[in-house]
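Welcome! Here is a short tour for anyone meeting this structure for the first time. Take a look at the model, and then we will walk through some of its sheets and helices together.

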Amino acid sequence: MMGQFWWPHGWDGYSCNSGVGLPGPGQDPLELLQTLQLLWTKQELGKLKEEIRRGFARLEDPLAALLAMLESSSDWKGKGHSLGYCITTELQLWIKAHPAVPQSGTKLKKLQARVLGMLSQCPANLLDPLISIYQLHTADRNYLLEHVSHLYLQGNYKEAAMLSIKLKLQPYQDVEKMCTPLLLQDKANLVEEYVAEYPEVQRKLLQTLDTWCEPSFNIRDIIRPYQGLSKCKPEKLNRRVLSKLIFRLLERFNVDSALCPNVINQRHLRTLNYLFYKRFVEKTMTEENWADHIQSTVGENRWLQAHLVQSLLRHCNARGAARWARHCRVPPEMLPQAVAEELQKLHIQDRVEEVTKADNYEVSKKKDYYQLPIPRENIHFLQTWEETLRCWEKVLQPGQVVGVDMEWKPSFGMVGKPRVALLQLALKDEVFLLDLPRLLEQAEAEGEKEKLPHFIQMLYSDAAIIKLGYGMSGDLSSLAATCSALKDTEKQMQGVVDLLAVDKQLQWGKDGRKVDGLSLEHSHEERGVRQPERGLSLLVQHVLGKPLDKTEQLSNWEKRPLREEQILYAASDAYCLLEIYERLCKDPESFGLSSDLTESLVGKQSKKPRAKKQLNKQEAPSPSGQEFQGPRMEPSRPPAPISPQEFSVVCDNMLQGLGRYLRCLGVDVRLLDNEDDHRKAAEIARQEGRVILTSGLPYQTLRSQVGEGRCFSVNCSQKAKDQALQVLKHFNVQVSLGDIFSRCQVCNCNKYLKVPRERMKQLVESSRRVSGEHSAGCPGSRSCGATVPGCDTAQAGCAPHGEQAEGTELCGAATGLAGDTALQVTAIPPGVLDRAELTDFYCCTCCGKVFWEGSHFGRVVSQFQDVLVASGDTQSIYERS
């Protein structure tokens, strides 16, 4: 049924009598509009608003008058505040202030029809006032849906969605039909707004997006009807982008992830691959941890179990695959014949012998790692409030120094923030491990759920107690997710020492050893093949001589009872903080720290709250790409200067331009391909010891997979050249003239073959005779098309100054290098070979790309003069032409 308007008595129409001066009863509203336009032009806003109110009071039908004025003026169609917006909002206020009598439904329906035609053209700030004034929520729903459908068919998808949101029509529309063109136009934010208030619509959208992620689904079927769409970005509907959108929606709207089995299975499959990498390639995960996570990841999912069996066969022999298949309870009918046969042969004794052998191997490794200096009986696992109260009596003592750490079950990128499962508090002679879920459950059952948060807040806010941590802000974020009452703990904390901030200030040699000659007891070679230490483990190695054993790091910390290895690991993680702090305070100068270490770390932090906070256990980027430093020491020191040869990076596929600039300056750069998943950057970084360069949301995922300071967020709004300057300055990379073009821009190789011009002419002529071509094309023309930033391919303009290749020879007259590498000589324009000043050419021994000296060297020197340093090499081969 139609709604009703309320107007002063007698207002049921208006007549268009002409007049001058102040508008009188029945006056044409367009004359009022002229008066208002004059005041608007003069910017006399006070008089304008008074004139609007007085004018509407003298009009016969203000609603019809408003539409007449808006239809006659183009001013209101622009962005921002306009005269039309001012008139509309003043009328809205005037209506609320005056009693009225009902207006007929027929007239109202006609006015609603007129205003609906205007809504698709008006700016967003006019939608709400017009909908309110003309009570469009009371209009016939089918009529409104028909109007929105008309907008949609005209290709006005954004306007149709926005009007649907304002009129609350989403429950009556096809969510896939409404949202698909918006996603193609990269308007995911509008899609989120469209479904925000309707849980059922949210579920329908998520189910639709998940079906698009089915392996057999052809995404082109969705895109085809919208191929003529302006600003269409079909790449926004690839499975990787859709997966990220689905997980964001699941988390934002707190929807059960079981609604999206396809993306969940794909995420679990990536987790499965990651677990196999950790166990069988990196070898940094124990069998117990690996089995726990495999079981929780695969569960009873037959699709994942099939992938598990295949992965087992790739990494183990059939017997090993059968053993783990039995452990993870993979149904026999899903096993390949060889594995099924081995499964029948297995006996319990075989399994016991294997486990015993593994245990002995693990014990033999322990001597290479940091060991707890306190007896096992001094480690207390607390699950009751009586035990916990005795703990707090010891911890909450003035002058106490407490090592604090927390553990939680790894999420492997799934929805939601991690919840703390174990809180470790280390004192000089004992360590307390608090079973947080059990204690919170008990407190809530007893009606005292604020009891534990109260104690934790007392600890962190007491300036008389020194709290030691490593990446404390990330721990506190997880603590707040576990217990909402602790969300403001970070703002209140005093007497805190975050050893992550200290770690950034320590001065280490380039080989990873202390500059004062602190000798590590075992080199990496002596310890066997193992991944380089990172984070707290690396700090423990530097300060105490041995790293932490991190094989239990990825344990399932929610599973009870905890294994003995987990208990020892958790206690060590907290207790080592005490020993590091004691060692640094005892001899700070030998570590390059100021002598007043305690005052600089604790005293100055306790005087005022921190202005910034970290997001995790490593530095987090600000929007500008700079990284928060957390609590700083005095005096602060920049990173030790390094050369491009000492700096190696992997660039995410969003930053290929940045990668080419860094290669241009001699940095060792790996570039991800467009189709590569962001996680591949973490794998490369771990395997090759590289720093990850990324930006935006991938940073949040990647930074947790590498060591502190090994992932940097680049400002994606900057140009590639400015990004390169930002990276070089942040890591204090000092570039010399000899570094410029020392790497091939195409393949990253730093070995070149120097070829005299006359010899190069012979090679070009020989190549053209063989191929019968005299054009500038060449085999592998795509490689030839790869350009130095800002450099024309036809004028490479650079002479590589990299390492000269040893034992590399030209194969007779052929255009080939040793190892079947084709020399791309036909990419050289004929005119270049005739330039007398070019005596030599430089050939990349890896991809065959040919370079020569030219003007581009000077441009690069000019662009990067801020990071260039003087070089002792006065015989640089670079010449500006």
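Two strands count as paired if DSSP finds at least two bridges between them. With that in hand, we can turn to this predicted model, where four strands build an open sheet in the order S10-S9-S11-S12, with parallel pairing. Strand S10 (668-671) and strand S12 (711-713) are the edge strands with a single partner each, so one side of each has no neighbour in the sheet. From one strand to the next, the twist averages 25 degrees.

Let us look at one pair within this sheet. Strand S11 (residues 691-694) is joined to S12 by three bridges, and the two run parallel. Here Leu693 stands opposite Phe712 in S12.

Another sheet is also open, but its pairing is mixed: six strands follow the order S3-S6-S5-S4-S7-S8. Its edges are strand S3 (379-382) and strand S8 (496-498); each has a single partner strand, so one side of each is left without a neighbour in the sheet. S3 pairs with strand S6 (residues 431-435) in the parallel sense, over four bridges, and His380 has Phe432 in S6 as its bridge partner.

| Helix | Strands it lies across | Angle |
|---|---|---|
| H30 (residues 656-664) | S9 (648-651), S10 and S11 | about 155 degrees to S10 |
| H20 (residues 385-395) | S3, S4 (401-408), S5 (420-426) and S6 | about 135 degrees to S6 |
| H21 (residues 436-445) | S3, S5 and S6 | about 60 degrees to S6 |

Helices also meet one another. How do helix H8 (residues 157-167) and helix H10 (residues 188-195) cross? Their axes come within 9 Å and cross at roughly 25 degrees. Angles under 35 degrees count as roughly parallel, and H8 and H10 are therefore roughly parallel to each other. Their crossing is left-handed. On the H8 side, Lys158, Ala161, Met162, Ser164 and Ile165 take part, meeting Leu190, Glu193 and Tyr194 in H10. By type, the residues of this contact are five nonpolar, one polar and two charged.

Finally, let us step back to the whole protein. It has 37 helices and 18 strands. Of its 881 residues, 51% count as buried. Among contacts with a separation of 6 or more, 72% are between residues 24 or more positions apart.

Technical notes: Residues are numbered from 1 along each chain as its sequence is written. This is a predicted model: local features need pLDDT of at least 70, side-chain atom pairs count only at pLDDT 80 or more; totals for chains, interfaces and linings use all residues. Side-chain values use heavy atoms; hydrogens and water are left out. Axes are lines fitted to C-alpha atoms, for helices over the stretch in contact, and angles run from 0 to 180 degrees between N-to-C directions. Angles under 35 degrees count as roughly parallel, over 145 as roughly antiparallel, 65 to 115 as roughly perpendicular and the rest as oblique. A crossing is left-handed if the near helix is turned anticlockwise from the far one by less than a right angle, and right-handed if clockwise. Contact means heavy atoms within 4.5 Å. Ala, Val, Leu, Ile, Met, Phe, Trp, Tyr, Cys and Pro count as nonpolar, Asp, Glu, Lys and Arg as charged, and the others, Gly among them, as polar. Buried means under 20% relative accessible area, exposed over 50%, partly exposed in between (1.4 Å probe, protein chains only).
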